[in-house]
There are 2 protein chains.
Amino acid sequence: MTAEPHQLTATEVLHEIKAGKLTVEAYARSLLKRINDRDEAVQAWAYLDRDHVISQAKALDQVPVSERDPLHGIAIAVKDVIYTKGEKNFVFSTDRNRAKRKSDMPTQFNSPIYVDDAPQVDAGSVAILRKSGALIFGKTTTTEFAATTVGPKTRNPHDPNRTPGGSSSGSGAAVGDLQVPIGLGTQTGGSTIRPGSYNGIYAFKPTWNSITREGQKIYSLILDTLGFYARSAADLDLLADVFALADDKPAPLDFGVKGAKFAVLKTMVWPQIGSGGSAAMEKAVSLLRARGAEIEEIELPEHLNDLPAWRATVLDSDGRTAFLPEYTTTKHNLSEDLVGHVENVKTISRKAQLDAFDSIAAARPVVDDILSKYAAVLTPSVPDEAPLGIEKTGSAAFCLIWTVSVIFARSVRFEPQLTPIQALHTPVVNIPGFKGDNGMPIGVSLVAPRYHDRHLLAVSRAVGDIFEAEGGWKRDV
Amino acid sequence: MTAEPHQLTATEVLHEIKAGKLTVEAYARSLLKRINDRDEAVQAWAYLDRDHVISQAKALDQVPVSERDPLHGIAIAVKDVIYTKGEKNFVFSTDRNRAKRKSDMPTQFNSPIYVDDAPQVDAGSVAILRKSGALIFGKTTTTEFAATTVGPKTRNPHDPNRTPGGSSSGSGAAVGDLQVPIGLGTQTGGSTIRPGSYNGIYAFKPTWNSITREGQKIYSLILDTLGFYARSAADLDLLADVFALADDKPAPLDFGVKGAKFAVLKTMVWPQIGSGGSAAMEKAVSLLRARGAEIEEIELPEHLNDLPAWRATVLDSDGRTAFLPEYTTTKHNLSEDLVGHVENVKTISRKAQLDAFDSIAAARPVVDDILSKYAAVLTPSVPDEAPLGIEKTGSAAFCLIWTVSVIFARSVRFEPQLTPIQALHTPVVNIPGFKGDNGMPIGVSLVAPRYHDRHLLAVSRAVGDIFEAEGGWKRDV
């Protein structure tokens with residue numbers, strides 16, 4: 001190997017381990033060294049127990065080669081709104097209390113309510129990954145319950161003065177900084193895709209409910225989706241295999257851009273896009289055209305103009321239900337925004353809530369039909385590179401445009417940080433490769449109809465190869 | 001008091017405790033004595049730690065009167081698909097390991113996979129109830145993951161040779177048998193309403209997502225709903241208060257049946273209803289008419305005939321996602337039905353899944369409009385009294401009719417144990433009071449549009465008083 005293990009993608013690591021060139025322990029030590037070198041600058045972790053990681057890695061090395069599972073030894077960071085249990089029977093010291101404490105992997109949601117909370121349970125997604133041989137590395141930072149925009153301590157690995165985005169801040173930064181190859185995020189608005197773009201990595205939000213959300217904190221049942229980070233599209237396919245994602249038709253084995261039909265979805269707020277986002281979209285289109293793709297510009301039907309408003313209404317109403325437990329038990333430890341949801345400070349009526357819920361539902365097949373005419377539809381992941389400051393995980397103005405990268409609402413109820421595409425349940429992949437005026441990464445999103453996840457990943461591989469090679473941004477951490 | 005404490009409703013117990021006539025400990029001891037007397041016959045409990053109950057009761061008695069919460073001392077049984085943690089710092093014995101074990105309240109899902117599993121976490125609903133002063137009593141039996149029809153050990157309190165129904169078998173039986181006043185159930189098909197009818201108690205399935213499902217095992221995100229059991233409609237209102245259920249318009253303070261407009265929803269399979277179910281519906285109508293209610297018979301639009309088929313399709317597809325974790329980790333411990341979901345043995349395409357999902361979504365506002373014309377719509381809770389045998393929680397034939405009490409599907413994909421009304425997200429209340437040919441209880445359901453929960457409870461109080469007084473069945477346990 002010329003590269004250090006921590007620099008490899010998951011696919012590459014699997015190859016090295018399979019070939020007997022790398023042990024899981026050596027791999028874990030390489031990642032931990034990277035973290036030791038970089039943690040002060042990036043601060044991606046909400047919880048990391050180095051001894052526990054090594055202990056798990058050693059256990060994985062003991063598994064006979066013939067009994068190894070598909071993700072054997074792959075390190076995965078878990079956003080701290082997803083349950084993880086400690087390793088059973090793991091004893092860290094002879095002090096029983098300390099052993100007990102140390103073998104727990106807490107789940108804290110960036111909330112004082114859950115400090116040191118250690119439910120002895122794995123989320124459904126974590127159970128699947130663990131059984132598939134993954135090395136569950138630790139917990140990564142998040143905004144409070146993945147439901148606010150107040151940034152955690154985490155900094156963008158490409159510029160410590162900038163946000164890594166949120167709410168999946170730590171997973172995005174850790175994967176972007178080569179501290180782990182794979183990260184779990186979640187998305188209710190842009191929480192997976194935005195950090196993907198800001199950190200220069202692949203981000204994948206699969207079709208809603210195609211992967212279990214068991215054990216993942218609820219904000220909105222109808223919107224929340226598990227998300228993935230990786231540094232290659234091939235790595236996303238590894239995950240799609242493990243989670244048994246399956247389209248009706250097998251995805252093309254070797255999708256070619258030449259002759260394929262793409263669309264660009266702009267909106268009436270396109271003029272507000274930042275120079276970086278605009279340049280990325282232009283470059284994306286010209287790169288695909290140069291390879292022989294057909295690209296046309298499309299719009300969504302006018303009757304869907306209120307989609308973002310409907311989405312904001314659903315989200316606020318769902319927050320009313322989702323945070324009642326914390327409000328009831330310890331309201332003073334809940335941030336003002338979330339208290340506002342529970343108290344319905346926007347006085348959203350049940351009628352408005354249901355109208356919004358039903359209108360979004362009616363829009364889903366309409367948008368699927370439009371998307372189905374193309375290999376994929378391109379839309380900005382974010383308006384521009386990561387903004388300065390870590391207090392906010394993405395400014396309202398930026399997120400407004402990201403949100404409306406698909407559809408723009410004129411309604412006054414529209415909340416700029418919410419992205420209507422999430423409500424449509426479609427899969428989305430952020431492809432990195434472009435850069436902003438300050439040299440920070442910017443991605444472009446590809447979207448496909450619901451349950452065309454494998455198709456979208458196949459397209460993302462081909463498109464990603466082009467964007468990464470010629471988009472103009474190179475990872476430099 | 002003339003009645004023994006265990007015979008009281010929650011509302012009555014609150015009154016006694018508030019008046020200083022009853023301590024929580026004395027109340028708990030009365031319930032435990034009832035359980036001791038009856039547990040061999042009914043077997044409603046999956047987990048019950050008597051010492052833990054007494055310890056909690058004593059702690060509640062220590063709370064100063066001025067600091068007591070709205071459900072102070074009310075015993076609640078929790079279906080064993082809902083997370084419960086033990087009491088923090090509760091030490092049961094001097095043996096530390098035993099103390100640890102004893103202070104856990106496990107969550108086992110009637111699955112060998114989770115035997116002795118003790119996640120240290122409360123479901124959102126349990127957290128709210130605990131903070132509201134409830135005495136979290138223990139865990140009640142369920143079918144496997146509340147997702148099959150294979151009965152647990154539990155027997156109907158009114159006839160040990162009959163099923164209490166399922167999947168919320170234990171909660172239904174425990175409340176029906178006066179072992180606790182309130183039980184938590186869940187409903188994906190008829191899992192709350194059916195045991196309500198079979199056990200002669202009130203059952204309330206609120207509007208979907210009006211109460212958090214955090215910490216409740218997922219079968220279908222779009223269908224699963226928390227449910228409640230009680231022995232009075234007033235008790236359901238207590239719960240609705242604690243869970244902050246709120247309609248747009250305040251519910252009538254004193255709903256009167258006289259002059260109110262009801263509807264009866266029959267279907268093309270009405271001829272298949274059992275004699276008990278048919279008689280209950282007839283009696284319900286005649287009792288309401290005798291009190292001056294207007295009642296008309298209605299049908300749903302023909303284009304909704306496939307609703308049960310759509311619902312079965314969604315449920316099977318959602319099972320594919322929901323049980324992948326258990327399938328991945330320990331397939332051999334998963335029942336054949338659930339393995340079948342994961343393996344998609346019915347080869348349901350993604351297109352069919354989405355068509356069904358979208359069609360149900362489109363049906364919701366249509367049905368709400370129809371329901372909104374009435375004070376409530378009457379529909380059978382079950383076709384007949386609880387059948388003999390405890391192997392199955394409700395026969396296919398019975399459930400078929402229950403299912404189609406609302407809508408009947410001619411599609412061959414239709415699964416008889418599934419009830420389409422669940423898919424419509426509307427609130428439903430089972431009102432007890434009628435009896436079958438063998439003297440077993442039968443209920444009738446009242447249905448209202450989404451987010452008319454408080455309205456429906458107000459109507460249920462008035463209707464329940466009539467049905468319980470004159471329906472012909474009296475509790476005799």
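A search of the whole structure finds 24 aromatic pairs over all chains. Rings of Phe, Tyr and Trp (its six-membered ring) pair if their centres lie within 6.5 Å; planes under 30 degrees apart count as stacked, over 60 as edge-to-face and the rest as tilted. This is a predicted model, in which local features need pLDDT of at least 70, side-chain atom pairs count only at pLDDT 80 or more, and totals for chains, interfaces and linings use all residues. Residues are numbered from 1 along each chain as its sequence is written, chains are lettered from A and ligands numbered from 1 in the order in which they are written, and side-chain values use heavy atoms, with hydrogens and water left out.

**Aromatic rings**

- A pair of aromatic rings is described by the distance of the centres and the angle of the planes.
- Phe109(A) and Phe145(A) make a tilted pair, 5.6 Å centre to centre and with 35 degrees between the planes.
- Phe109(A) lies in the loop between α4 (96-103) and α5 (124-131) of chain A, and Phe145(A) in the loop between β3 (135-140) and α6 (169-176) of chain A, so the pair ties together parts that are 36 residues apart in sequence.
- Helices (H or I, at least four residues) and strands (E, at least two) are DSSP runs, numbered from the N terminus.
- Both Phe109(A) and Phe145(A) are buried. Buried means under 20% relative accessible area, exposed over 50%, and partly exposed in between (1.4 Å probe, protein chains only).
- Phe255(B) and Phe262(B) form an edge-to-face pair, 6.4 Å centre to centre, with 85 degrees between the planes. Phe255(B) and Phe262(B) are buried.
- One aromatic cluster is formed by Tyr83(A), Phe109(A), Tyr114(A), Phe145(A), Tyr219(A) and Phe323(A).
- Lys217(A) has its charged end over the ring of Phe145(A), 5.0 Å from the ring centre. A charge sits over a ring if NZ of Lys or CZ of Arg is within 6 Å of the ring centre and within 35 degrees of the ring normal.
- In chain B, the charged end of Lys217(B) sits over the ring of Phe145(B), 5.0 Å from its centre.

**The sheet of chain B**

- Strands of a sheet pair through backbone hydrogen bonds, either parallel or antiparallel.
- Chain B has an open sheet of 11 strands with mixed pairing, in the order β1-β3-β2-β4-β6-β5-β10-β11-β9-β7-β8. Two strands pair if DSSP finds at least two bridges between them.
- β1 (45-47) and β8 (294-298) of chain B stand at the edges with a single partner strand each, so one side of each has no neighbour in the sheet.
- Neighbouring strands of this sheet are turned by 30 degrees against each other on average, direction ignored. Axes are lines fitted to C-alpha atoms, for helices over the stretch in contact, and angles run from 0 to 180 degrees between N-to-C directions.
- β1(B) runs antiparallel to β3 (residues 135-140) of chain B, and 2 bridges join them. Trp45(B) stands opposite Thr140(B) in β3(B).
- β2 (residues 75-79) of chain B pairs with β3(B) in the parallel sense over 5 bridges. Val78(B) has Lys139(B) as its bridge partner in β3(B).
- β3(B) is mostly covered, with 6 of its 6 residues buried.
- Helix α16 (residues 453-470) of chain B lies across β5 (202-205), β7 (261-265), β9 (376-380), β10 (428-435) and β11 (441-447) of chain B, at about 5 degrees to β10(B).

**Asp39(B)**

- Asp39(B) is placed in helix α2 (residues 24-42) of chain B.
- Asp39(B) counts as partly exposed, because its relative accessibility is 24%.
- Leaving aside neighbours within four places in sequence, Asp39(B) is in contact with Ala44(B) and Trp45(B). Contact means heavy atoms within 4.5 Å.

**The sheet of chain A**

- In chain A, 11 strands form an open sheet with mixed pairing, in the order β1-β3-β2-β4-β6-β5-β10-β11-β9-β7-β8.
- β9 (residues 376-380) and β11 (residues 441-447) of chain A pair in the antiparallel sense over 4 bridges. Val377(A) has Val447(A) as its bridge partner in β11(A).

**Two copies**

- A rotation of 180 degrees with 0.0 Å of shift along its axis superposes chain A on chain B (RMSD 0.0 Å). That is the relation of a two-fold axis.
- Copies are superposed by least squares on the C-alpha atoms of residues with pLDDT of at least 70 in both.
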